[in-house]
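Visitor: Please take one part of this model and go through it closely. I would like the cut-offs along with the values.

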Amino acid sequence: MKINLNGRLVDEKRATISVFDHGLLYGDGIFEGIRAYNGRVFLLEEHIERLYDSARAIALEMPLKPADMARQVVRTCKANGVCDGYIRLVVTRGVGTLGLNPYLCKHPQYFIIAGAIRLYPKELYEKGMSVVTVGTIRNHTEAVNPRIKSLNYLNNVLAKIEAINAGVMECILLNPQGYVAEASGDNIFAVRKGRLITPPSWCGALEGITRNAVMKLAVEMGYPVEERVMTRYDMYVADEVFLTGTAAEIIAVTNVDRRRIGSGRPGPITRRLGKRFAEFVRAQGTPIE
Ligand code: PMP
């Protein structure tokens, strides 16, 4: 596999980063997870925009312009013959001292991996997944704003540990006010009486690219969507619950905190949205050529 390391395509064995890079020392950096479908990079512009917003939010001077970064993503897919795959784009603060000061890191580093991912087994998509609400709360928006897709994912990792220890693969995090924020690596939606709700990003959710696409598709399909404050009650009384994410796509949640959601099977709206989303991803994107 060829890794794009600061614009150079190098063999994966030689794609190395300094132990003094603050991305490693402090989780000081940002990233994007992007999908390629059918020879096209899905919603690349949206991912690049979010990456540059994350950079602004952590006062990181990007080493190249957004359009050039987008071109590097496409170039990396092409170099690896990726047609359908998963792309990880990472920007680190770069090499600095052992102190925190990010301004002493003069050269941010970036690398792009174009590979494959399968997050959940196929049968989970057919049967729906179980999740639990965990004790780890989502980062306070004035601590590390969850809208920043930063390399500091310990909040999510701690939540994921709780999920796995409870025998499930994903979990729901509440924000410091006790409202539903999101899952450890996905956004959440609840469906009730044909209407969709999802927490607004100010409640402690990443503004997911998949989430935004699903909201648009749902409206087009005639399902009203509302971004609103959500509590666990809204999940428990929902007809359907599902998660969205670049890697997970759309996956039904049929059990929350050991309570059956709706019929206990992936619901009709989740399935319809899943089908529509699958068509959508194959129909557009930035060509890999
Ligand atoms: N929330 C978190 C915490 C995430 O890490 C992700 C991405 N895996 C998402 C939500 C979903 O965002 P997207 O649809 O842009 O992948």
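**A ring pair and the helix beside it in sequence**

Guide: F42 and F277 are both buried, where buried means under 20% relative accessible area, exposed over 50% and partly exposed in between (1.4 Å probe, protein chains only). The model is predicted, so local features need pLDDT of at least 70 and side-chain atom pairs count only at pLDDT 80 or more, whereas totals for chains, interfaces and linings use all residues. Residues are numbered from 1 along each chain as its sequence is written, and side-chain values use heavy atoms, with hydrogens and water left out.

The structure holds 6 aromatic pairs. One of them is F42 with F277, edge-to-face at 5.8 Å centre to centre, with 85 degrees between the planes. Rings of Phe, Tyr and Trp (its six-membered ring) pair if their centres lie within 6.5 Å; planes under 30 degrees apart count as stacked, over 60 as edge-to-face and the rest as tilted. The F42–F277 pair links distant parts of the chain, 235 residues apart: F42 is in the loop between β4 (40–41) and α2 (44–57), and F277 is in helix α8 (residues 268–283). Helices (H or I, at least four residues) and strands (E, at least two) are DSSP runs, numbered from the N terminus. Ring pairs also join F42 and F277 with Y37 and F280 in a cluster.

For contrast in geometry, the Y120 and Y125 rings have centres 6.5 Å apart and planes at 50 degrees, so that pair is tilted. Y120 is buried, at 2% relative accessible area, and Y125 counts as partly exposed at 25%.

Next comes α2, which has 14 residues and reaches 20 Å from its first C-alpha to its last, close to the 20 Å expected at 1.5 Å a residue; the expected span is 1.5 Å times one less than the number of residues. Its buried residues are L44, H47, I48, R50, L51, Y52, S54 and A55. Their cover includes β3 (29–37), β4, α3 (66–79), β5 (85–92), α6 (209–220) and β16 (286–287). A59, which follows α2, has a positive phi, near 55 degrees.

R50 and S54 are among the residues that K149 touches, not counting residues up to four places away in sequence; contact means heavy atoms within 4.5 Å. K149 lies in the loop between β7 (129–133) and α5 (154–165). K149 is buried yet has no salt bridge, and the nearest side chain of opposite charge, E32, is 6.0 Å away. Lys and Arg count as positive and Asp and Glu as negative, with His and the chain ends not counted; a salt bridge is a side-chain nitrogen of Lys or Arg within 4 Å of a carboxyl oxygen of Asp or Glu.
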